[in-house]
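Thanks for making time this morning; I would like to take you through one model and talk about its sheet and a helix that goes with it. Please have the structure open as I speak.

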Amino acid sequence: MKRELKKLTRDLAAWLAVQDENLLEPVERAGQVSFATNIESVEDLAAETEKNESIASAEKTLYQSYKERNMEPAKKMRLENLKEKVVSCRGCPLGAHRLNAVFGTGSANARIMFVGEGPGFQEDHQGEPFVGRSGQLLDRIMETVLGLNRPDVYIANIVKCHPMKNPENPEAHSNDRPPSADEISVCRHYLEEQIRIIQPLCLVPLGSVAAKFLLKTDTGISMLRGKIYDYEADIPGLDRKIKIIPTYHPAALLRNQNLKRDTWYDMKLVKSLLDSAT
Ligand code: SF4
């Protein structure tokens, strides 16, 4: 407080010196102190400085959203190019038995990106992520807590093809399994590129496999959730850290209603992050 007062006093003295020399001109540009003639005290100067800072901050936000809008077509094109590679990929054994590669869906400018472990039966059949009962629950959570719909966010998985217990029978139900470490290591670069293109504000890994992958840890989801982490990968051109807020997989919520309260808490964390960045 004392330091701030000293600074303001110095600023006021500088302003008075300028005024004495009769060099006073109104300055309209944001980010600079506007020496309006009604400044008569340190308090006036502090208020004026605060006003100019808030104008500068509003301009920065406007510029950011203008920049993001302009970048959207380029991002879409990069995602489309990447999708073509995924659709023709046979990089690991999952590619031999899938019905459809499940690339990901949503806004190229999404601020929230949900990440699951891999497609299941329904996703393999429809080529879209989170389309079964789990997906419907995810939609409800997004709408209720975040006030967002599917086109507002981006949804993707670590591996893009359906990991099956019995790969010879993609039509069998209860045939899902988590992806193996080898499958993840071959496929991960697609998700990492999606993150580099979209540059979301926050990644929300759904379930243990996705949380462990993004946070590079062996700790389970029940210990990881409820906190905000930094995504540690380098994103060229990005001068902020992408945040990670892990939560339970919606399929786990369908099996165990007791997890709903924690999931709601995690989504509130996401919402507060969104609000604070607006
Ligand atoms: S899971 Fe990934 S690496 Fe394996 S075939 Fe599908 S897209 Fe290629």
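Predicted model: local features only at pLDDT ≥ 70, side-chain atom pairs only at ≥ 80, totals over all residues.

Tyr229 has Ile244, in strand E6, as its bridge partner, and E5 and E6 pair in the antiparallel sense over 2 bridges; strands here are DSSP E runs of at least two residues, helices are H or I runs of at least four, both numbered from the N terminus, and two strands count as paired if DSSP finds at least two bridges between them. Helix H7 packs on the sheet, where it touches E2, E4, E5 and E6, and its direction makes about 140° with that of E4, with axes fitted as lines to C-alpha atoms, for helices over the stretch in contact, and angles running from 0 to 180 degrees between N-to-C directions.

Residues are numbered from 1 along each chain as its sequence is written.

The sheet is open, with 6 strands in the order E1-E3-E2-E4-E6-E5 and mixed pairing; its edge strands, E1 (105-106) and E5 (229-230), each pair on one side only.

Which residues of H7 are buried? In this helix, residues 208-215, they are Ser208, Val209, Ala210, Ala211 and Leu214, buried meaning that 20 or more other C-beta atoms, placed from the backbone, lie within 10 Å of the residue's own. Their cover includes strands E2, E4 and E6 together with helix H8 (221-224). After H7 comes Lys216, with a positive phi near 50°.

Technical notes. Buried ≥ 20, exposed ≤ 12 C-beta atoms within 10 Å, placed from the backbone. Contact = placed C-beta atoms within 7 Å.
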